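User: Could you walk me through this one, a helix and a pocket? Here it is.

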Amino acid sequence: MHWSEEIAQKLIERNPTKEEYVCAAGISPSGSVHIGNFRDIATSYFVVKALQKMGRKARLLFSWDEFDRFRKVPVNVSAIAPDFQQYIGRPYADVPDPFGCCESYAKHFEKEFEASLKKFGVPVDFRYQASEYRSGRYAQDVIHAISMRGEVFDILDSFRTQDAQEGEREAYYPVSIYCPVCGKDDTTILSMSDDCTRAEYTCKCGHHGTFDFRTDFNCKLAWKIDWPMRWRAEGVDFEPGGKDHASPTGSYQTSRLISKKVFDYEAPMFQGYEFIGIKGTTGKMSGSTGLNLTPEVLLKIYQPEVILWLYSKTLPTKAFDFCFDDEILRQYFEFDKMYTAWKSGTADESVNAIMYNVQVNDRVVNTVPMQHLASFGSIVDFNPTMLETIFRKIGTNYTQDEFAERLDLARYWMEKCSPESMIRLLPENNTAYYNDLPEENKKEIAILADFIEKGGYTLEELNTFIYSVPVQIFGEMDDKEKKQRQGVFFRNVYNLLIGKPKGPRLYLFLFAVEPKKYLHLLQF
């Protein structure tokens with residue numbers, strides 16, 4: 001059983017008569033939404049699909065926490081707007097768009113993410129929290145939280161390692177007021193009416209005023225109170241979160257108690273997840289630090305189905321990497337193997353469950369090997385007509401229509417992410433390398449060059465021949481020595497042709513490329 005199905009089954013057991021299950025996700029639009037946050041969406045989405053597969057009604061709810069305060073200027077924003085510090089303290093929805101194309105800072109990054117999300121075919125019910133708060137929807141919940149501020153403080157305090165200071169409990173309020181003059185939450189509540197509907201407050205900007213929570217809605221509950229309040233408001237059954245939220249003293253454990261004791265709502269099932277890695281780099285990704293590795297960026301090298309597959313096949317509690325080196329070719333190979341088995345009906349139950357989650361609308365994935373597209377594509381400068389000819393020559397017969405999408409991805413990956421992987425025939429003989437070879441290895445090169453020059457061979461005959469070359473020079477050997485000699489021979493050929501110790505499958509490479517383009521590189 002797939003991990004999402006196990007969660008779905010527990011949700012049904014927990015509340016068997018619920019008409020529609022709500023699986024939630026959300027984030028503050030503090031910057032470009034990175035692929036780590038996308039695990040929020042993917043995890044809930046797969047649980048929704050599992051519930052629907054079990055005959056239940058379910059939907060994915062995504063909240064944009066755009067009413068959170070603007071806390072930090074991202075690196076990419078400060079580069080174009082060095083004065084943006086002035087907006088710290090305002091809600092994201094009230095900060096101008098530094099790029100000048102949207103009505104607000106929040107909308108800029110929301111639209112950016114939502115546009116990429118459409119490419120995954122994920123149906124989402126969006127909530128925009130600035131609009132929700134300012135509509136007055138949460139007014140009574142805010143007043144209720146204020147009326148129970150002592151209980152809220154006690155719960156929060158129970159998770160702290162330091163003792164509360166004298167008078168701290170009495171001065172605590174679980175809500176922040178956005179100042180009508182400066183627009184920031186640099187306010188301090190001075191007093192509260194007995195019925196918790198009116199407050200007197202002051203702001204660092206010098207403004208002093210009163211606030212009526214029944215009619216003034218420009219305020220927001222603190223995160224650990226806001227979260228459980230919205231669980232009840234939306235009837236949330238399941239929500240994932242990063243492993244930091246899942247820790248014994250993390251946000252979920254705190255909010256779970258507040259949900260039960262303050263809002264009388266059983267907290268939704270929670271699934272903590274591991275962070276996503278980037279192969280070759282370390283550190284937690286963040287949308288506010290400048291490491292903006294967004295889904296849109298990933299879609300330049302990964303098909304959406306492959307991205308969903310990586311999330312689907314990996315337990316939420318396990319980390320995995322998005323690869324910008326040649327490991328991406330292995331990932332595509334593994335995906336193609338599973339996808340082909342699934343489409344042909346030969347996959348086992350585990351693979352079927354994984355692949356059930358990767359469908360994007362009615363798209364069909366053409367599993368043209370990414371390794372071939374990268375290696376042969378770079379040889380012909382990614383010319384699709386020439387590449388089609390190569391495929392036909394080696395007996396694969398992939399058409400341009402079949403490989404067009406992946407060819408663009410392969411080209412972007414090689415040119416932008418892994419230029420060292422580009423395969424190019426050397427412009428002239430690698431004489432220095434050849435001169436350093438032992439005489440036996442030089443004879444191997446001569447034997448190969450003579451065979452290529454004579455021509456008239458099939459692909460299979462070429463494959464058999466190149467493995468026989470070391471035997472022709474060194475005689476019969478045991479399997480271990482033969483394999484070692486063959487490895488040395490292949491390495492020497494690669495170095496003479498492309499200046500690298502390894503490359504595409506040698507027999508395919510030699511057969512696909514016109515001999516007149518490389519034969520001279522083997523002749524000395």
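**A helix and a pocket**

User: Which residues does T254 touch, not counting residues up to four places away in sequence?
Analyst: Quick caveat: this is a predicted model, with local features needing pLDDT of at least 70, side-chain atom pairs counting only at pLDDT 80 or more, and totals for chains, interfaces and linings using all residues. Numbering runs from 1 along each chain as its sequence is written, and side-chain values use heavy atoms, leaving out hydrogens and water. Taking contact as heavy atoms within 4.5 Å, T254 touches I155, L156, F159, K224 and T249.

User: Is T254 buried or exposed?
Analyst: T254 sits in helix α10, residues 251-261 (helices are DSSP runs of H or I, at least four residues, numbered from the N terminus). Buried means under 20% relative accessible area with a 1.4 Å probe, protein chains only. T254 comes in at 1% relative accessibility, so the call is buried.

User: Within what arc do the buried residues of α10 fall?
Analyst: The buried set in α10 is S251, Y252, T254, S255, I258 and S259. They line one face of the helix, because, seen down the axis, they fall within an arc of 160°. That arc is taken over directions from the helix axis to the C-beta atoms.

User: What covers the buried residues of α10?
Analyst: A strand is a DSSP run of E, at least two residues. The cover includes that kind of element as well as helices. Among what covers them are α7 (149-158), α8 (223-234), α9 (243-246) and β10 (269-273).

User: Which element gives the largest share of the lining of the second largest pocket?
Analyst: A pocket here is an open set of points on a 1 Å grid over the protein atoms alone, where a 1.4 Å probe fits, with protein on both sides within 12 Å along at least five of seven lines; lining residues have an atom within 4 Å of a point. Two elements give two or more residues to this lining, α15 (370-379) and α17 (400-417). The largest share, three residues, comes from α15.

Terms used:
Buried means under 20% relative accessible area, exposed over 50%, partly exposed in between (1.4 Å probe, protein chains only).
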